[in-house]
Amino acid sequence: MNDYNLIKKLILRKLVRHKMWMHKHTSIHNLPKGLPQHLRGKEIKNVIKDLLKEGILLSKPTHYGLEVSLNIKKKSEIEEFIEKG
């Protein structure tokens, strides 16, 4: 598994584990926390951008920064990716 898919899997698994669906948000700055140090870099920004473009992550702009949550409409796609990688 390449780094891109590994980062994507770790982020999605973390958000599912914390039940960050629809109206429960977390700061976009919390997504890299808990990832191995060698995976934190430019690649993670690309993964987050792509997840937002694909509609897997929903964004909510606030006055203190961008908040994100998982899209409940893509639940089966998210769970399938986490299991298969």
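**Packing of helices and strands in the predicted model**

Leaving aside neighbours within four places in sequence, Lys8 is in contact with Val47, Leu51, Glu54, Ile56 and Phe81. The description that follows refers to a predicted model. Lys8 belongs to helix H1, and this lysine counts as buried because its relative accessibility is 11%, where buried means under 20%. Of the residues touched by Lys8, Val47, Leu51 and Glu54 are also among the residues of helix H2 that meet H1, while Phe81 is one of the buried residues of helix H3.

The packing of H1 against H2 is considered next. Two packed helices are described by the angle between their axes and the distance between the axes. For H1 and H2, which spans residues 42–54, the angle is about 65 degrees and the axes are 10 Å apart. The crossing of these two helices is right-handed. By class, the contact of H1 with H2 comprises eight nonpolar, one polar and four charged residues. On the H1 side, the residues involved are Tyr4, Ile7, Lys8, Ile11 and Leu12. On the H2 side, they are Glu43, Ile44, Asn46, Val47, Ile48, Asp50, Leu51 and Glu54.

Helix H3 covers residues 75–84, and its buried residues are Ile78, Phe81 and Ile82. These residues cover an arc of only 100 degrees around the axis, which puts them on the same side of H3. On the other side of the helix, Ser76, Glu83 and Lys84 are exposed. With a relative accessible area of 35%, Glu79 is partly exposed. Glu79 and Arg13 lie 66 residues apart in sequence, yet their C-alpha atoms are 8.5 Å apart in space.

Strands of a sheet pair through backbone hydrogen bonds, either parallel or antiparallel. In this model, three strands form an open sheet in the order S1-S3-S2, and the pairing is antiparallel. S1 and S2 stand at the edges, each with a single partner strand, so one side of each is left without a neighbour in the sheet.

Strand S1 (residues 26–27) is joined to S3 by two bridges, and the two strands run antiparallel. Within this pair, Thr26 has Val68 of S3 as its bridge partner. Strand S2 (residues 57–62) is joined to S3 by six bridges, again in an antiparallel arrangement. Along this pair, Leu58 has Ser69 as its partner, Pro61 stands opposite Leu66, and Thr62 is partnered by Gly65. A hairpin connects S2 to S3 through two residues.

Lys19 counts as exposed because its relative accessibility is 60%, where exposed means over 50%. Met22 is likewise placed in the loop between H1 and S1, and this methionine has a positive phi of about 50 degrees, although it is not a glycine. The relative accessible area of Met22 is 28%, so Met22 is partly exposed.

Key:
Residues numbered from 1 in each chain as written. Predicted model: local features only at pLDDT ≥ 70, side-chain atom pairs only at ≥ 80, totals over all residues. Heavy atoms only, no water. Buried < 20%, exposed > 50% of the residue type's maximum accessible area, 1.4 Å probe, protein only. Helix = DSSP H or I, 4+ residues; strand = E, 2+ residues; numbered from the N terminus. Arc of directions from axis to C-beta. Pairing = 2+ DSSP bridges. Axes fitted to C-alpha atoms, helices over the stretch in contact; angles between N-to-C directions. Left-handed = near helix turned anticlockwise from the far one by under 90°. Contact = heavy atoms within 4.5 Å. Nonpolar A, V, L, I, M, F, W, Y, C, P; charged D, E, K, R; others polar.
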